[in-house]
Amino acid sequence: MAGSRARWINVPLARVAMLCAVMLFVLLAHITLVQAFGSRALDADPRNERTLILRYAHPRGDIRTYDGTAIATSRPTTGGPYRYQRVYPFGERYAAVTGHVSLRRATGIEQAQEAVLTGDDPRVKVRSLVSAGSEAGAHVRLTIRDRVQRAAHDGLAAAGVPGAAVAIHPATGAVLALASHPTYDPNALATFDRLRLALTSRRLRESPDRPLLNRALNRLYPPGATFKLVTAAAALASGEYTPTALVDAPPRLRLPGSSAYVRDTGCGSAHPTLVYAFQAPCDTAFAGIGLRLGHDLLRDQAEAFGFNAGVLRIPLAATGSRYPVTTDRSQTALAAIGRHENLVTPLMVAMLSAAVANDGVLMRPYLVEDVRLPDRSVVSRAAPAPYRTVMSPALARYLAAMMATTPRRGGTRSAAPGVRVAMTSVPLTEDHALVTAFAPAGAPEVAVGVVLERPGARAAAVTTIARSIIQAALS
């Protein structure tokens with residue numbers, strides 16, 4: 001009797017025990033899933049105060065220019081849960097490069113090099129433990145030259161209109177300057193005052209000037225006259241043209257299958273040489289060349305320069321420049337003079353000249369020169385590498401000579417005494433003013449791309465900015 005009662009009592013106990021076992025198993029499985037697969041999402045959640053406290057518990061590595069100037073560093077706080085705060089000594093001048101790190105997010109180099117700056121990168125973690133006995137963030141040295149960046153930033157600010165400027169070392173691809181205007185002060189977003197941060201972020205996001213937009217890398221513009229480099233390269237590569245060949249430049253050219261015309265904007269000759277048409281604003285000449293070459297040749301040459309290649313990381317993500325995949329004949333004529341659906345970033349504008357300056361080989365642009373621990377030991381170093389073979393050396397020399405030829409209308413190709421500049425002409429009637437150039441013409445050390453948005457009467461400032469950047473790079 002007692003045994004049957006015990007068995008009767010043990011049945012519900014066994015069920016409860018089984019239920020508890022199942023619940024424990026589910027709990028352990030959930031914890032395992034959270035730890036194994038959900039930890040990253042939790043760590044990235046801006047509401048996770050523990051992660052933020054850990055982020056600011058020790059100093060991040062510095063971001064420095066090639067010359068050694070600290071443009072992002074950390075300093076101790078005077079109280080509160082966060083021990084270190086990010087500081088940007090030169091604020092607006094380098095915002096397009098450094099970006100910022102805040103309680104909400106990181107941008108620019110701060111985001112692209114997050115792992116090495118915080119010390120989470122395995123290479124940095126192991127090396128710092130071995131050399132210093134403790135974990136520490138590494139310092140990131142950029143390819144940016146302070147003097148060149150200052151010239152780019154100050155030139156854009158003086159022009160007073162939105163725009164961007166990029167300078168590249170043609171032989172290596174090192175980015176010497178990268179500036180965008182209007183810009184912003186990263187220090188305003190590095191605050192620990194959440195209300196102030198929210199108000200500042202909203203003001204910057206809603207500003208019609210779009211100061212948070214990195215125009216140098218992520219704004220697309222019609223290339224206009226700078227695209228003549230691509231069309232001229234395609235013309236010379238076809239074998240149908242030489243620099244001294246005569247080309248047709250009628251006062252106006254009717255677009256095939258259309259009632260619209262391309263008008264001569266001031267060529268001054270019905271049959272100029274190719275080199276003269278290149279230097280003068282001979283739109284009808286280059287539209288006619290585009291019609292004769294055809295869409296496929298123009299597209300192939302554009303893609304050799306890097307058009308339609310998609311996002312390029314330097315390591316900041318640069319929006320891909322575009323050339324239309326298909327066109328009819330009238331659209332091909334417009335594309336040949338940088339209209340229709342052609343779009344470029346200021347980085348690509350500089351890359352056009354960099355390819356010509358380096359005998360037709362376009363080097364992959366890069367921003368990070370090396371990563372070093374606080375004891376100055378090197379963790380990694382940049383290795384310049386070719387990005388694209390754009391044209392033959394002989395063809396590049398032809399184009400370089402065409403760019404360096406002085407316009408017959410009283411123009412100049414000098415940036416400083418004894419320094420000859422190779423550049424495209426810049427029609428002042430376009431919506432945007434663009435220039436691509438390199439110098440010295442005989443032994444290039446810097447290639448420049450500058451864009452000003454709808455500058456109106458201030459369009460000539462685009463060449464002034466380009467010359468200032470070149471002077472700074474060569475001084």
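Okay, accessible area here means what the Shrake-Rupley method gives with a 1.4 Å probe. With that in hand, the chain exposes about 21,700 Å², and carbon and sulfur atoms supply 55% of that. Keep in mind that this is a predicted model.

Some overall numbers, then. We have 475 residues in the chain, and 51% of them count as buried. The chain has 17 helices and 19 strands. As for contacts, take the ones between residues at least 6 apart in sequence: 67% of those join residues at least 24 apart.

Now to the part I wanted to show you, the rings. How many aromatic pairs does the structure hold? Five, and I'll go through two of them.

Start with phenylalanine 227 and phenylalanine 307. That pair is edge-to-face, 5.7 Å centre to centre, with 85° between the planes. Phenylalanine 227 is in the loop between helix H9 (215–218) and helix H10 (228–238), while phenylalanine 307 is in the loop between helix H13 (295–305) and strand E9 (312–313), so this pair ties together parts that are 80 residues apart in sequence. And are these two buried or exposed? Buried, both phenylalanine 227 and phenylalanine 307.

Phenylalanine 227 has another partner, tyrosine 323, and here the rings are stacked: 5.7 Å between centres, 10° between the planes. Tyrosine 323 comes from the loop between strand E10 (317–318) and helix H14 (329–336), and phenylalanine 227 from the one between H9 and H10, so the parts tied together this time are 96 residues apart in sequence. Tyrosine 323 is buried too, like phenylalanine 227.

Nine of its 11 residues are buried, so H10 is largely enclosed by the rest of the structure. If you want to click through them, the buried ones are Lys228, Leu229, Val230, Thr231, Ala232, Ala233, Ala234, Ala235 and Leu236. Then, just after H10, look at glycine 239, which takes a positive phi of about 85°.

Arginine 252 has its charged end over the ring of tyrosine 261, 4.1 Å from the ring centre. There's also arginine 388, whose charged end sits over the ring of tyrosine 387, 5.0 Å from the centre.

That's my tour, thanks.

How values were computed
Residues are numbered from 1 along each chain as its sequence is written. This is a predicted model: local features need pLDDT of at least 70, side-chain atom pairs count only at pLDDT 80 or more; totals for chains, interfaces and linings use all residues. Side-chain values use heavy atoms; hydrogens and water are left out. Rings of Phe, Tyr and Trp (its six-membered ring) pair if their centres lie within 6.5 Å; planes under 30 degrees apart count as stacked, over 60 as edge-to-face and the rest as tilted. Helices (H or I, at least four residues) and strands (E, at least two) are DSSP runs, numbered from the N terminus. Buried means under 20% relative accessible area, exposed over 50%, partly exposed in between (1.4 Å probe, protein chains only). A charge sits over a ring if NZ of Lys or CZ of Arg is within 6 Å of the ring centre and within 35 degrees of the ring normal. Contact means heavy atoms within 4.5 Å.
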